Amino acid sequence: MAIGERIRFIRNLRGMTQKWLGQAVGFPQKTADVRMAQYESGSRTPKEDLVKALANVLEVSPLALNIPDIDSDLGFIHTFFAIEDIHGVRAEKHGDEVHIVFDGSKRTMDESIFKMLSAWADQAEKLRNGEISKEQYDHWRYTFPAEDTTQRWAKVPSQELSDMLIAALKEDKE
């Protein structure tokens, strides 16, 4: 989720209008809604000082708005927070383990994502059980979905090819 989408998501969560948020961070009343619409649509990218001001008004960390750097601990956790917002995941503790749960029965979880996660879990289980090697597991992950056998992945023909095939079928019927 890009920064503009995060701003819109959290603004809506807080029940704020674009105009109100824009004015709260210092834009003139006349242009506040237009400026916020530009940031939310991605046509403009807020500078760091504006990100901090938006975060302050929205009562969130600037990390909750920025596109997270998943190589940092804070970026990693904020990535999961965004995934929770988008796909309805949750964190659960089971003894000494923490599990990230993607519930396929939730309406917020896209069925195709759940299928992909299930395929990943299947491959990880095969690795743990010694059915495949670490190299095979890595090959599966880094070539996904090409090597995935749990789902049907099809390439969609170009519009030109599709039109040509339809024309040929119509000719055959005549």
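Predicted model: local features only at pLDDT ≥ 70, side-chain atom pairs only at ≥ 80, totals over all residues.
Figure 1. Leaving out residues up to four places away in sequence, His 78 touches Ser 61, Leu 63, Ala 64 and Pro 68.

Figure 2. With a relative accessibility of 12%, Ala 82 counts as buried.

**Figure 3. The largest nonpolar core.** This core comprises 18 residues. Those that touch the most other members are Ile 7, Leu 21, Val 25, Phe 27, Met 36, Leu 54 and Leu 65. Helix 1 (3–13), helix 3 (32–41) and helix 4 (48–58) each supply two or more residues to the core. Helix 4 provides the largest share, with six residues. In soluble globular proteins, nonpolar side chains tend to be buried together.

**Figure 4. Contacts of Met 36.** Setting aside neighbours within four places in sequence, Met 36 is in contact with Ile 7, Leu 21, Phe 27 and Leu 54, and also with Gln 18 and Gly 22. Met 36 is one of the buried residues of helix 3.

**Figure 5. The buried face of helix 1**. The buried residues in helix 1 are Ile 3, Gly 4, Arg 6, Ile 7, Ile 10 and Arg 11. Viewed down the helix axis, they fall within an arc of 160° and therefore line one face of helix 1. An α-helix has 3.6 residues a turn, so residues three or four places apart point the same way. The cover over the buried residues of helix 1 includes helix 2 (18–24), helix 3, helix 4 and helix 5 (73–87). Gly 15, which follows helix 1, has a positive phi near 75°.

Figure 6. Ala 32, Met 36, Tyr 39 and Glu 40 are buried in helix 3. Just after helix 3, Gly 42 adopts a positive phi of about 90°.

**Figure 7. The contact between helix 1 and helix 3**. The two axes come within 6 Å and cross at roughly 120°. Helix 1 and helix 3 are therefore oblique to each other. On the helix 1 side, the contact involves Gly 4, Glu 5, Ile 7, Arg 8 and Arg 11, which meet Met 36, Tyr 39, Glu 40 and Ser 41 of helix 3. By class, the contact of helix 1 with helix 3 contains four charged, three nonpolar and two polar residues.

**Figure 8. The packing of helix 6 against helix 7**. Helix 6 (residues 111–128) and helix 7 (residues 134–143) pack at an angle of about 170°, and their axes are 9 Å apart. Helix 6 is thus roughly antiparallel to helix 7. Helix 6 contributes Ala 119, Trp 120, Gln 123, Ala 124 and Leu 127 to the contact, while helix 7 contributes Lys 134, Tyr 137, Trp 140 and Arg 141. The contact of helix 6 with helix 7 has six nonpolar, two charged and one polar residues.

Technical notes. Residues numbered from 1 in each chain as written. Heavy atoms only, no water. Core = buried A, V, L, I, M, F, W, Y, C linked by side-chain atoms within 4.5 Å. Buried < 20%, exposed > 50% of the residue type's maximum accessible area, 1.4 Å probe, protein only. Helix = DSSP H or I, 4+ residues; strand = E, 2+ residues; numbered from the N terminus. Contact = heavy atoms within 4.5 Å. Arc of directions from axis to C-beta. Axes fitted to C-alpha atoms, helices over the stretch in contact; angles between N-to-C directions. Parallel < 35°, antiparallel > 145°, perpendicular 65-115°, else oblique. Nonpolar A, V, L, I, M, F, W, Y, C, P; charged D, E, K, R; others polar.
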